[in-house]
Amino acid sequence: MSGLNKIIINLKKEISSINNIKKLNIFKVKYLGKKGYISSQFLLLKKLTKQEKIKKSIIINNVKKQIKELIKKQKNKLEFNDIKFQVLNKKIDISLPGRYIKIGNQHPITIVINDIEKFFIKLGFKITASQEIEDIYHNFDALNISENHPARTEQDTFWLNKKYLLRTQTSNMQIRIMKILNPPIRILTSGKVYRNDYDKKHTPMFHQIEGLLIDNKINFLKLKGILSLFLKYFFKKKFKIRFRPSYFPFTEPSLEVDIMRENNKWIEVLGAGMVHPNVLSNNINLLNYSGCAFGIGVERLAMLRYNIHDIRLFFENDIRFIKQFK
Ligand code: DAH
């Protein structure tokens, strides 16, 4: 046993003088490698009797274990010293100013949507969401949009397959709402819609807000009243407003609202009308109820409010543009 202790003491001495990882690896090979000290000790066992073999191999394994531990300890020590050296010798310039974290802000489209929702919530509307991947039935058929309507063509609509598409309008929510709610209904949906178009005034994705109101005394006058109130709220009387008769397959009668820009040109901002009986009859009793609906172009309103002339700016994600809005 005393011989064993001597070996360990010597090993400890040897390893304590090792001052880098490379030398430590050489030490490891010398003692634990294939042709190293421990292997040679095992080879010597061959000549011994079975009893002695067992006795000696226990001792050798014990030494092997201790060598492994010594190496591990020395490795940790060397690595720690290395880090300590780096920290102590690195020059830190404490006079350098720190890095400021830039605080983001809401996108102008989000600001406008929130503002519009705020107004309609006060009128008793509930906010709901509707899917962007839609089937032909909810986006076109059930909304009385005939099979040869230009909106259905491939130039205008992003078709996913023969049955599904990216919704072209938030009006897709109308039928779903009528099917799950009973009147009185006051629902507002905002979200992304998709059309195959790209220029200063059009992007393939833009936002709409759809309102649906179904009750027993809804008429055209009420619809115009709500829209006038809304536009006054949104623009604070800054612009001239014009109601213009129009046509949508899902409303009868229909109207569009235009707003006059500074260049004296009218720009269309929303469509609306009395819900067409073919649409309303999906799940509503026409004898007791009537309804009106409207669809607002969010980017158009944002462009007018903030005096922006190119819709594409909203989606370029240039932080210098986005951070101007509060
Ligand atoms: N969905 C129409 C569009 O995308 C807008 C619209 C018009 C919505 C009239 C309506 C409506 O709810 O009644 O152009």
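The following exercises, each with a worked solution, go through selected parts of this structure.

The structure is a predicted model, in which local features need pLDDT of at least 70 and side-chain atom pairs count only at pLDDT 80 or more, while totals for chains, interfaces and linings use all residues. Residues are numbered from 1 along each chain as its sequence is written, and side-chain values use heavy atoms, with hydrogens and water left out.

**Exercise 1.** Describe the surroundings of S190.

Solution. Begin with the element: S190 belongs to strand β4, residues 185–194, where strands are DSSP runs of E with at least two residues, helices are runs of H or I with at least four, and both are numbered from the N terminus. Next, take the accessibility: S190 counts as partly exposed because its relative accessibility is 21%, given that buried means under 20% relative accessible area, exposed over 50% and partly exposed in between, with a 1.4 Å probe and protein chains only. Then list the contacts (heavy atoms within 4.5 Å): apart from neighbours within four places in sequence, S190 touches I113, E117, T128, Q208 and I209. Finally, the side chains of S190 and E117 are joined by a polar contact of 2.9 Å, a term for a pair of N or O atoms within 3.5 Å, where within protein one must be able to donate a hydrogen and the other to accept it, and residues adjacent in sequence count only if both atoms are side-chain atoms.

**Exercise 2.** Determine how helices α3 and α4 pack.

Solution. Helix α3 (residues 37–44) and helix α4 (residues 50–89) pack at an angle of about 175°, with axes 10 Å apart; the axes are lines fitted to C-alpha atoms over the stretch in contact, and angles run from 0 to 180 degrees between N-to-C directions. The angle therefore makes α3 roughly antiparallel to α4, a label for angles over 145 degrees. On the α3 side the contact is made by I38, Q41 and F42, and on the α4 side by S57, I60, N61, V63, K64 and I67.

Conventions
Angles under 35 degrees count as roughly parallel, over 145 as roughly antiparallel, 65 to 115 as roughly perpendicular and the rest as oblique.
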